[in-house]
Amino acid sequence: FFFAIQYTPQHHVTITIVEGHGYRASAENKMGCSNDKIGHRPLPLLAAAAIAALSVSLTWALVASSTLMLVTVQVEAFSPTPSTSAAASTRGSSSSWTSCGDDIYGSITTQNNPLRVKGITRTSPLFLVGVAAERAKSASPKSHAKKNKSNGKRKNNNQRKRKYNKRGNKPKGSSNTRSNKKQQKHEQGRKGGKHQATGTASSPSSRQRPYADLTTDELKQLTEYHLSQNIPPGDGAISAGDMSSARMHEFSRLLSSWAKLDFSHSEKKRRRGHYDAYSPRQTGELAAEMAEQCLRELIEEGRAGNVVRAARVITPDAFHLVIGAWLRVGGRKDLVHAGSLLDLMEQWMHFERTEGTAGERGDNNEKKDKRKEKKSFASSSLKCYAAVLDGWCRSKFNGSEVKAEELLERMRKIGGGDDGDDNAIDVRHYNNVMNRMATSRKPNAGSEADRLLRKLIESAEAGRPLLPDRNSFNTVIKAYANAGGRHAASDAERILAAMEDPPSAGLPRSLAGGRISPDKISYTSVLMAYANGGGRGSDAGEKAEELVGRMVDMYKNGDGNAEVKPDTVTYNAVLKVWGKSGHPDAGVRSEAILTKMLELYEAGDVDVCPDDVTFNSVIHNIANSNGANSPRRAMRMLERMKSGLISVEPDIISYNSVLNSFAKSGGPESAKRAEEMLDNLEKSYDSGVWNIRPDVYSYNIVISAWGNCGDADRAVALLDRMTARTNEGKANLKPDVTTYNSVLHAWSQSSDRNAPVKALGLLEIMLRLHEGGDRSANPDVLSFSTVINAFSKSKFPRKARQTRDLLRRMKSLYEDGGLETMRPNVYVYAAVLNACAYTFGRAEEKEEALKIGIETYEELRRSKGIETNHVAYGSFIRVCRRLMSGSNSSRDNHIAQAFRQCCDDGQVGEYVLMQLRPMPELCASLMQEYIVDGDNGNEVSIEDLPSCWTCNVKEGKRRRQTMTAGSRSTGRRK
């Protein structure tokens with residue numbers, strides 16, 4: 001026998017007794033009352049006696065410990081007397097209890113028959129089963145219907161009585177006192193008596209969550225108990241295919257409760273005792289797993305032959321709830337698992353169509369209605385596909401756009417495919433997939449989104465209701481803008497032209513009439529395509545200003561259409577285009593745009609009020625112009641932000657941009673001014689004058705400024721200062737990999753003869769920090785290449801061997817340690833070749849350097865995933881030219897072979913020609929068809945060579961990885 005006890009706030013003790021697996025009874029007792037009510041079914045003698053003793057003896061335990069308890073009773077040497085009634089058996093019962101921690105032990109004696117109580121625990125699925133049974137019965141649709149019907153009659157009768165009483169007449173055969181008592185009793189039951197259901201018996205899609213008052217552990221135990229009842233061959237277990245409608249309904253309510261479980265980890269819920277045993281993610285995974293188990297239990301019941309009853313609860317809403325539970329967990333594997341539930345839903349739909357139709361009996365109209373319901377199931381299941389589709393579109397996982405498009409194709413086929421009406425799929429689904437393609441920033445994102453747009457246009461041409469809208473075209477422009485590339489701007493302009501004039505672009509008439517007319521989002525996206533796709537020195541900035549001028553003209557000539565009126569975001573996009581263009585006048589043009597915005601704002605156009613992004617962009621463009629007066633102009637712009645003429649205040653980004661202008665202007669005086677500004681900013685924050693605190697990026701800029709001057713000692717001093725302030729708790733200035741690389745760059749530019757050794761020592765510190773678990777200081781390929789470059793430019797003996805050892809160590813960390821940031825690139829090999837070429841000393845040292853140079857070049861050629869560029873070819877030619885004698889035929893053979901490979905790869909650049917010109921005879925033999933005077937190769941230029949020889953050369957871009965100039969300043973990494 002199992003006794004489950006609940007202590008309710010109305011001071012009632014409710015006891016549910018479970019005997020075997022099919023017998024239930026309940027008893028009620030008001031605290032302080034001596035009589036007991038035993039209802040529902042007659043109880044055995046033993047149960048009646050136990051209830052009488054428990055209802056009195058456990059009152060103190062219920063109040064003192066917990067509201068939920070379980071009493072497990074073992075019967076020993078008990079033979080009930082059949083003639084003894086249940087009421088008589090309660091007389092003379094007694095009990096004794098002993099508390100021991102969380103458990104209570106004791107015994108019950110009634111009519112000289114001892115009962116030993118095994119123990120009391122505070123939670124149990126058996127208690128929950130009893131409570132759930134009572135709630136399900138009171139909340140069932142039939143009982144609700146009966147209650148509503150009876151309540152309606154009582155309400156009408158009471159209204160009639162009140163109406164008669166107002167007239168002064170008394171209804172015949174009625175009593176006011178009696179009716180008032182009935183009315184009070186009815187109102188008390190409506191407001192939540194002891195039999196009121198706390199859950200809901202509605203479908204799984206109801207808004208109210210069933211069993212909302214149960215904790216996660218209690219709901220888990222209740223679910224596991226119901227699931228265990230369907231596992232044969234236990235005694236009392238329900239056979240597969242024999243589950244009742246009520247039990248299926250119970251599984252449906254459990255599924256809904258788990259799927260709607262709120263697993264947010266708020267402090268209020270922790271204080272209430274909810275979710276204390278699980279983290280939010282663990283709770284989410286548990287909720288999704290339990291909801292899916294309930295759904296699969298119902299599906300197995302339907303496949304076992306109970307398909308008619310199962311079809312009533314296995315609806316698209318049930319699948320949608322379970323899928324939503326998995327999507328809320330948020331992991332990639334959870335998204336994949338949610339997609340697998342779609343396969344399960346299709347399998348159930350197929351099973352229901354075949355088995356359900358085979359088992360149908362009745363007239364043709366009934367079968368027709370069944371077929372209509374099954375068709376409705378297929379169409380309503382699209383919301384499950386849409387939920388998974390939105391999950392993939394919202395995720396940031398690599399390849400999620402591919403999964404989303406595959407799911408979109410499945411939805412299209414369910415909606416009828418090319419021959420369907422496409423009513424089941426909305427253009428929003430296409431737009432979401434295209435937006436995920438756009439946010440992936442892959443090189444082919446624009447073309448892939450354009451392909452989906454073409455499908456929507458073909459649907460419009462075929463006369464189907466699925467038409468693209470303005471958001472569809474804007475998303476494709478966004479995809480081209482994010483992907484960047486050489487043709488991004490032209491492709492974005494093509495889409496914009498189609499939006500402006502659909503008939504001229506060959507679009508159907510259904511898209512005319514303003515449906516896809518461009519707005520400011522369209523034009524701003526094209527501006528971003530200019531910024532990300534325009535090459536340095538191009539006319540992208542001028543095109544951007546022309547496009548804004550078109551927007552202004554369209555606004556003025558289009559009756560003030562606010563959809564195309566430029567705003568602050570539009571002008572900020574133009575400033576970004578100028579900053580990305582690399583134009584020498586970018587700073588001046590940016591200042592002119594800011595002046596124009598201020599004039600418009602003062603004239604009353606509040607939509608173009610400059611904000612902090614505007615000023616920061618102008619300062620950034622001024623700093624990148626590298627002019628002699630750039631720091632002064634940047635400081636003047638900073639003062640305008642401080643003036644208070646508009647509601648804009650400088651932030652740390654503003655100050656960092658000004659610091660960057662000092663760093664890029666070059667010279668010790670500029671580095672000194674930058675450090676003074678950093679000191680003033682730091683002191684003002686410490687004293688409370690300003691609330692702007694320098695960050696790691698601020699220090700990195702100043703360290704880079706000193707590095708460009710070759711003053712490594714000042715750079716190291718700033719590094720020590722960052723560490724000290726962090727240890728003192730004054731600021732979070734923990735150096736990162738950019739900080740260390742900036743100091744390494746300073747050592748590579750230093751004239752100190754021990755600079756390579758000091759740079760190597762700092763690299764060792766970074767490696768030790770990495771081994772100690774400091775991920776922020778992980779050395780990368782730039783760290784190693786900088787140290788190798790420091791050795792290559794020095795007169796350090798045996799530097800070729802030292803750089804070769806660093807390269808091998810780097811490869812070992814990448815291949816054996818799995819550090820992707822340590823993967824060598826072509827510039828590291830070029831730096832090692834450069835160290836070999838500039839080896840000085842005795843003949844044996846040069847011979848060793850030559851051997852290392854040849855081995856390094858051959859290793860580079862064999863490396864997979866690394867393409868040899870013009871810098872590497874030129875460095876190897878320099879190795880052969882400097883370390884081999886002029887009359888050595890081996891030298892000419894190595895150089896000729898390397899030059900032919902360079903021509904085949906299209907990497908003949910100016911750096912390669914510069915290494916060949918000191919060898920006129922060899923140069924003439926290699927390029928005799930392109931010699932101008934016919935006697936030497938000194939006059940050969942890049943323009944004289946075939947385009948196939950130079951097509952892959954990327955010169956003109958300042959790259960610090962080349963290590964030949966070492967001119968790139970270090971700043972914030974993007």
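Guide: In this predicted model, helices and strands are DSSP runs, a helix having at least four residues and a strand at least two, and both are numbered from the N terminus.

Visitor: How many helices and strands does the protein chain have?
Guide: The chain has 974 residues, of which 48% count as buried. Counted as runs of the kind just defined, its elements come to 41 helices and eight strands.

Visitor: How far apart are the end C-alpha atoms of helix H25, and why does that agree with its number of residues?
Guide: Helix H25 covers residues 612-624, which is 13 residues. The expected span is 1.5 Å times one less than the number of residues, so H25 should span 18 Å. The distance between its end C-alpha atoms agrees with this, being 18 Å.

Visitor: What covers the buried residues of H25?
Guide: The buried residues of H25 include Phe615, Val618, Ile619 and Ile622. What covers the buried residues includes helices H23, H24, H26 and H27.

Visitor: Is H31 roughly parallel or roughly antiparallel to H32?
Guide: The axes of H31 (residues 737-749) and H32 (residues 755-771) come within 9 Å and cross at roughly 165°. Angles over 145 degrees count as roughly antiparallel, and therefore H31 is, relative to H32, roughly antiparallel.

Methods. Residues numbered from 1 in each chain as written. Predicted model: local features only at pLDDT ≥ 70, side-chain atom pairs only at ≥ 80, totals over all residues. Heavy atoms only, no water. Buried < 20%, exposed > 50% of the residue type's maximum accessible area, 1.4 Å probe, protein only. Contact = heavy atoms within 4.5 Å. Axes fitted to C-alpha atoms, helices over the stretch in contact; angles between N-to-C directions. Parallel < 35°, antiparallel > 145°, perpendicular 65-115°, else oblique.
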